[in-house]
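The sequence and structure come next.

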Amino acid sequence: MKNILVVDDSALMRRVLCDIIDGDERFHVQDRASNGVEALELLSTKTYDAVILDVNMPRMNGLELLKELQKRNIAARVMMVSTDTCGGAKTTLDALELGALDFVHKPGTAMDCRTNDFKERLLRTLSAVVDSRILTYDKPTASRDIVRMPDRVSPSVIRRSVSVSGNKIVALASSTGGPKALQSVIPKLPKDLKAPVVIVQHMPTGFTASMAERLDSLSEVRVKEAAEGDVLEAGVVYIAKGGKHLNVATSAGKYTIHYTDEPSREGVKPCANYMYESLAESKFDQIVCVVLTGMGADGTKGIMNLKEKKKLHVIAQDAETSAVYGMPRSVVNAGLADQVVPLEQIAQEIIMNVGVK
C-alpha cells in the first residue's frame, strides 16, 4: 500500500480527498498538512510515495513549497490538485517546471469532488505519480540568440553530416512528465529542421496554448498550439489542443491540421493513436515517431497500424530518463522501437533522421 501526504488548507477538501484516496486499496493517506510550512516539516523527516499538493494556501503556498524542496534537495513525487490548475495554466506550468509530475483540476466544491469523473481522474493520475521516477532535467536558457544543438554535437558537425533526403515529418507523443521532458527536446532543434513536428501531449483544454508559448520562447524553431487548418511547415512545431484529437489531413496537396471530437481513447483526449493513424494515407517518405515519458500505452496501437502502410523510424525514451516508463515501454515491448535512447539524445536523433535545410 502506497503512503500519501495530502496538503490542502481546506479541512473539508482534505477530508474529501482523503476519503477518495483511502477508498482505494492501493493507497493510504499517512499524513495531512494545511499549508506548505507543515508539509515541509513532514517532508524533511518522512518519505512518502506521493504528495497531493494544493496551490493557494496561507504561510507557504504550493509553488513556494516546491521551490523550497528544490533548495533543500528534498526528493518528492508531487501531484498538483488545485482549482488553480484550471484556467491558471501559467501556475500549472510553473509547478511542473518546479518538479510536480502531473496535475488534476479540483472542482470548486466538495460535492463536485465526489463525482465519479473526478475520482477516476485523481486515482488514475495518482497511480502514475506513485510509480514514477524522480528526475531532474537541464533548464533551457530563454534566448533565441543561442543555437541550441544537442549536447556533444556542434552545429557545424550537424550541418556537415546530416544530409537526409526525402519528405519527412516528426510525430511525437508524451504524457506524465512530458511538459518538462519537451523542454529537453524542442529547444535543441535548429530552426532549419527539414521537417514539421506534430505533438500530442496529454493535457486538458486550456493548457496547451501556454505550454506552446513557453516552449516557443525557449526555442529556435517556432512552436505554436496547432489551429484548425494550419498548413504544416518545416521547422515549425505544432502542439495538439487539449480536449480535441489532432489529425494530419491532406488538402490541395498540402498537409494541414484537422481536429476531430471522437470520445477519449486510451482514456485521453487528445490521443496520439489518432495522430499516428491519420498519417497512413500521407505521401511522406518516412515518418519519425517519437514516444516520450507517460503513463499507459497511447501511441503503440497507432504506430502499429501506421507501420502497415508507411516507412517509420521509431524513437523511444529510455526507462532511466522517463518520469513514467509506460508509453515508451509499451512501444518497446511491442517490438516497434528502432532506437531506445536517453532524453538528452532525443533531439539529436530527430535531427539525424530528418536532416536540416
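## Cysteines

Cys18 has 2% relative accessibility and therefore counts as buried (under 20% relative accessible area, with exposed over 50% and partly exposed in between; 1.4 Å probe, protein chains only). Cys289, at 0%, also counts as buried.

The structure has zero disulfides, a disulfide being a pair of cysteine sulfur atoms within 2.5 Å. For Cys18, which is in no disulfide, the nearest cysteine sulfur is that of Cys113, 12 Å away. Cys289 is likewise in no disulfide, and the nearest cysteine sulfur, belonging to Cys271, lies 14 Å away.

## Basis of the values

The model is predicted, with local features needing pLDDT of at least 70 and side-chain atom pairs counting only at pLDDT 80 or more, while totals for chains, interfaces and linings use all residues. Residues are numbered from 1 along each chain as its sequence is written, and side-chain values use heavy atoms, leaving out hydrogens and water.

## Helices H1 and H6

Helix H1 spans residues 11-22 and helix H6 residues 116-130; their axes come within 10 Å and cross at roughly 65 degrees. Helices here are DSSP runs (H or I, at least four residues), numbered from the N terminus. Axes are lines fitted to C-alpha atoms over the stretch in contact, with angles from 0 to 180 degrees between N-to-C directions. The angle makes H1 roughly perpendicular to H6 (65 to 115 degrees).

H1 contributes Leu17, Ile20 and Ile21 to the contact, and H6 contributes Phe118, Lys119, Leu122, Leu123 and Leu126 (heavy atoms within 4.5 Å).

Methods. Helix = DSSP H or I, 4+ residues; strand = E, 2+ residues; numbered from the N terminus. Parallel < 35°, antiparallel > 145°, perpendicular 65-115°, else oblique.
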